[in-house]
Amino acid sequence: MTGEPLIGDVVGELLRDTFAVATGVGPRPLVGGRLPRPVIEIIERDDGLINGAPSAHYLDGPADWQPYDHRAVDRVRGETLDVGTGAGRIALLLQERGVPVTGLDTSAGALAVSRRRGVRRLVHGTVDTHVADGHRYDTFLLLGNNLGLFEGRERAPEFLAALAALARPGAQIIAHGTDPYGTRDPLHTGYHERNRRRGRLGGQLRLRLRYRELGTEWFDYLVCSAEEFAALVRGSAWRLTDVDDRDAPYYLATLRLAG
């Protein structure tokens, strides 16, 4: 016994159990062997901070979405790649609207849940590995705060280049982000300062996810201001054309392929 979790498909296991609790179909965690137990995602930060959040929202239908999600999907056009599709909530709505959409995720278990929920086109991999498949897209969606997949200054140029390699002329990226700097909580403001002293962006999180006996490897996840994001995009094949911050501190950043 090391006290460390087993490395595994945390997101997949989490979503499988969330789906089972929601539908009553399949094995699911129970209290006392009888009552469904709420599925909780544990997020561990590298300074020791631990947060837990119910995972049911990953299955939410449009009636339970935030306004920025609706505004994002209303901007979609053409062949669409839903990056970090998870349980497929965005892809399902786009399918209903007749939009040709593909869900991309690194979690095989998440894709299995998406498939069971009716998402038809799914790819297991990253944007980098998907380039070799030869598919090209008009819209890239990074919703559910998935602007975080840019990770930081080091990863952002590679991520933007991979999306450009997957893009058709005139393609767009629509990414949901969160400005982290409105807080006065010393747990967070202190973390921002610690990051800056290390040469990182203030909201560049170092995380791992936990569920039951499983954990992920540690990874970077970016929470940044729109101004910081604009600086990351500068010099790439993309132009930041719009920032919709009507639901601040949340915002939608829209990028278009230059040229």
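Author: E158 is partly exposed, at a relative accessible area of 47%; here buried means under 20%, exposed over 50% and partly exposed in between, with a 1.4 Å probe and protein chains only. The model is predicted: local features need pLDDT of at least 70 and side-chain atom pairs count only at pLDDT 80 or more, while totals for chains, interfaces and linings use all residues. Residues are numbered from 1 along each chain as its sequence is written, and side-chain values use heavy atoms, with hydrogens and water left out.

E158 lies in helix α6, residues 156–165; helices (H or I, at least four residues) and strands (E, at least two) are DSSP runs numbered from the N terminus. D128 is 30 residues from E158 in sequence, and their C-alpha atoms are 8.4 Å apart.

Turning to the sheet, seven strands in the order β8-β7-β6-β9-β10-β15-β14 make up an open sheet with mixed pairing, where two strands pair if DSSP finds at least two bridges between them. Its edge strands, β8 (122–124) and β14 (238–244), each pair on one side only. Within the sheet, β6 (residues 80–83) and β9 (residues 137–142) run parallel and are joined by three bridges. L81 stands opposite F140 in β9.

Helix α2 (residues 67–74) packs on the sheet and touches β10 (167–178), β14 and β15 (250–257), contact meaning heavy atoms within 4.5 Å. The direction of α2 makes about 15 degrees with that of β15; axes are lines fitted to C-alpha atoms, for helices over the stretch in contact, and angles run from 0 to 180 degrees between N-to-C directions.
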